[in-house]
Amino acid sequence: MAPEPISPEEARRRKIVGVNAETVTNVTSTDFPGHYPGEDHTWSLEKFTENFSVQYHKNAPHDAVFSLIGLDASIANAFRRILIAEIPTLAIEQVFVHNNTSIVHDEVLAARLGLVPLTANRSGLNWLKYRRRIPNDDIGDAREEEQKGEGATDTNTVVLKLQIECKWAEGIKEGETDPNKLYVNSNVYAKHLVFEPQGSQSKHFPEPDGIVRPVNPDILLAKLRPGQVIDLEMFAVKGIGADHAKFSPVAPATYRLLPTIDIVSPILGNDAKKFARCFPKGVIGLEYVTEEESDVMGGELEGKAGEEKAVVRNTFKDTVSRECLRHDEFKGKVKLGRVRDHFIFSVESTGQFESDRLFLESVAILKMKCVRLKRSLANIMK
């Protein structure tokens, strides 16, 4: 027997997670085989392709907002976790302090340097290999790794240097108190980090735009006064956020479900204005009841022509605060919810990559994981 079709209203009802004053209902997905007798919910690529879509709402270089529609929560969360922890970037791993007479302790300065986001030519970053992590306290193993050729090389390590000294400025007027005028190099910024290419790195990280450099040159690292010096050498390596947060290429990478607001009974007059104030600006609008609506015999708007009524304008801006459910005058007149398979992603890049590129990288990594799993299963079945 052919599967029985369901109405659009019933399909929408099944996808809405109910948000009530004290509870959340219909949280469990039911679109799997056997749950509804006579309905076919087997997964197929054709069905997925037909229902899945991507909508971009904002696509700035370092800030993207887009919707993934028709996706399961497990896949959406996989993208989020990959964005945070599995896309490789470059960060400072080791700091060799030759001289530091500033008030910032060596270990504190090293930690600050490690958190400076670095960027470079994309093809060069892809060419760079991972470097095996060696415990700092195991010198014997470190030397053994160097002899095997698995230590720091031009193919897995980027060298940066910071050499700066604060001095008195010349020609200062008497009574001047501004440190920026009194001293030279009183502020140490990320722009003072100098990339020193090793081996063939100059070919993969060409000047001027392809070199390894801080994303934001104005990150303040330390403050100096005359006579104070910082002389450092740093090794930057390729890593992922699962190793350390400094390698994560995103600031926030979050998603939320699309809110729904259903006004089941008209909200008119002053109640409509109060109802609109319960939501962020732009979510609820006010419209006048038309003559056609008021002429419907027995309708809830009968004889209400010209009065203001509340209408839903843009649920995308809603935060689902449930404020409207606190007021007695709105009880039974509104239903709040979220669409189960409509995920609104917000991805803010720390600067190494554009936000939309980061999402494409997460898709490629998930695809690679699936290929590996499929290959492993095939090997097990042999």
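Start by selecting His-204, which lies in helix 8 (residues 201–204); helices (H or I, at least four residues) and strands (E, at least two) are DSSP runs, numbered from the N terminus. This is a predicted model, in which local features need pLDDT of at least 70, side-chain atom pairs count only at pLDDT 80 or more, and totals for chains, interfaces and linings use all residues. Residues are numbered from 1 along each chain as its sequence is written, and side-chain values use heavy atoms, with hydrogens and water left out.

His-204 is buried, at a relative accessible area of 19%. Buried means under 20% relative accessible area, exposed over 50%, and partly exposed in between (1.4 Å probe, protein chains only). Show the neighbours of His-204 next: Asn-121, Gly-124 and Trp-127 touch His-204, not counting residues up to four places away in sequence. Contact means heavy atoms within 4.5 Å.

Move on to Pro-208, in the loop between helix 8 and strand 12 (213–214). The peptide bond from Glu-207 to Pro-208 is cis, with omega near -5°.

Two asparagines come next. Asn-185 sits in the loop between strand 9 (183–184) and strand 10 (187–189). Its phi is positive, about 65°, although Asn-185 is not a glycine. Asn-185 is partly exposed, with a relative accessible area of 30%. Now select Asn-26, in the loop between strand 2 (24–25) and helix 2 (45–51). Asn-26 has phi near 55°, a positive value in a residue other than glycine, and is partly exposed, with a relative accessible area of 30%.

Go to His-342 in strand 18 (residues 334–349). His-342 is buried, with a relative accessible area of 11%. Leaving aside neighbours within four places in sequence, the contacts of His-342 are Ser-67, Leu-68 and Ile-69, together with Arg-256, Leu-257 and Leu-258.

Finish at Glu-291, in helix 10 (residues 291–294). Glu-291 is exposed, with a relative accessible area of 51%.
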